[in-house]
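Welcome! Then read on for a guided tour of what can be found inside.

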Amino acid sequence: MSKESNLKERFRIALLSTAKVISDDYKIEIDKKNKSSKNMNFFELDNLNTRFDFIKYRSEIDSKALRKKFSNNQIYKLNLPKNSSCKSLYELSENIRCEMLGSKMLKGIKSNFLENYNNKLFFKRKDQLKTKDDVNISEAFELYMLKNFFNIKLNNLCEKILSFWSKEFEKSLENDLDFLKKNIEDQEKYNSKFSEILQKMDIFDSSDESE
C-alpha cells in the first residue's frame, strides 16, 4: 500500500470511528466500493487530493452522522411539504438544524462545519449574475440559512447571490427566526413551522420553481 493510500485508509477509519460516536450507531460501515450508495455509508476516497477535500468529506460525514442522531424520519416525512419545489429547502433546513445541534454538542464539529462552509463560499464562482433567473433558489436559501443560523459572514459574491431572493426569504421567515432558533431541539415544532413557512411562500404560488 502506497503512503497516499495508507493515509486515505487511516482517514477513512478515523471518520468511521467518529461517525459511530456522533450517531450513537456502532453498526455503521463506510463502504468505499459502493459508488451508487446515497446513504451515509459512502464517500469517495479517490477524490481526497487536497486539504479542502479532507475538510469537505469530514464535514459531510459529521453532517450525516448528526442527521442520523437527531432527525426522526417519521417526523421529517410527516411534515414534508406537498409542493415539490419546497422539498429541497425543507431538506436544507433539517440538515442545518442537525448541524446546529452537533455544533452545540462539540466544538470540534462546529469548527469543521465553519471551515468547510467558509471554504465553500470562498470557491464559489459565477460568470454572470444579472437577474433572479441566474440564481438557483436552493443555493440562495442555503446562504440565507448559513448567515442567520451559523452567523457566517458572507463574501461579496454570496451576498449578491442571496440578494436576488433575500426579500422573499425575509418576508416569509424574519418573524419566525427566533421561534425556529428556540425550538431547534424540538424537531416536531421546527419541521412543522418550516413546512408551514415554505408552503406559504409567494415564490411557489404560480408553479413549481426550478430547484
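## A helix and its neighbours

In helix α10, the buried residues are Q187, Y190, N191, K193, F194, S195, I197 and L198. Keep in mind as you look that this is a predicted model. The buried residues of α10 pack against α2 (51-70), α3 (73-78), α4 (84-105), α6, α8 (166-173) and α9 (177-182). Helix α10 itself has 14 residues, and from its first C-alpha to its last it reaches 20 Å, close to the 20 Å expected at 1.5 Å a residue.

## The chain as a whole

Now step back from α10. Of its 211 residues, 47% count as buried. The chain exposes about 12100 Å², and carbon and sulfur atoms supply 47% of that area. Consider, too, the contacts between residues at least 6 apart in sequence: 69% of them join residues at least 24 apart.

## The nonpolar core

How many residues does the largest nonpolar core have? It has 46 residues, and those with the most contacts inside it are I96, F141, F149, F150, F169, L173 and F194. Take F149 as an example. Leaving aside its neighbours within four places in sequence, F149 is in contact with I96, M100, L177, L180, K181 and Y190.

## Rings that meet

A search of the whole structure finds 10 aromatic pairs. Here are two of them, side by side.

| Pair | Centre to centre | Angle between planes | Type |
|---|---|---|---|
| F113 and F150 | 6.4 Å | 65° | edge-to-face |
| F141 and F194 | 6.1 Å | 85° | edge-to-face |

F113 counts as buried because its relative accessibility is 1%, and F150 is buried with a relative accessible area of 7%.

In the other pair, F141 lies in helix α6 and F194 in helix α10 (residues 187-200), so the pair ties together parts that are 53 residues apart in sequence. F141 counts as buried at 0% relative accessibility, and F194 is buried, with a relative accessible area of 0%. Ring pairs also join F141 and F194 with Y144, W165, F169 and Y190 in a cluster.

## Charges over rings

The charged end of K56 sits over the ring of Y57, 5.5 Å from its centre. K69 lies over the face of F70, 5.6 Å from the ring centre.

## A last stop in a loop

Is N151 buried or exposed? N151 counts as exposed, because its relative accessibility is 61% and the cut-off for exposed is over 50%. You can find N151 in the loop between α6 and α7. Its phi is near 55°, a positive value in a residue other than glycine.

How values were computed
Residues are numbered from 1 along each chain as its sequence is written. This is a predicted model: local features need pLDDT of at least 70, side-chain atom pairs count only at pLDDT 80 or more; totals for chains, interfaces and linings use all residues. Side-chain values use heavy atoms; hydrogens and water are left out. A nonpolar core is a set of buried Ala, Val, Leu, Ile, Met, Phe, Trp, Tyr and Cys residues joined through side-chain atoms within 4.5 Å. Buried means under 20% relative accessible area, exposed over 50%, partly exposed in between (1.4 Å probe, protein chains only). Contact means heavy atoms within 4.5 Å. Rings of Phe, Tyr and Trp (its six-membered ring) pair if their centres lie within 6.5 Å; planes under 30 degrees apart count as stacked, over 60 as edge-to-face and the rest as tilted. Helices (H or I, at least four residues) and strands (E, at least two) are DSSP runs, numbered from the N terminus. A charge sits over a ring if NZ of Lys or CZ of Arg is within 6 Å of the ring centre and within 35 degrees of the ring normal. The expected span of a helix is 1.5 Å times one less than its number of residues. Accessible areas come from the Shrake-Rupley method with a 1.4 Å probe; for residues, only the protein chains shown count as cover.
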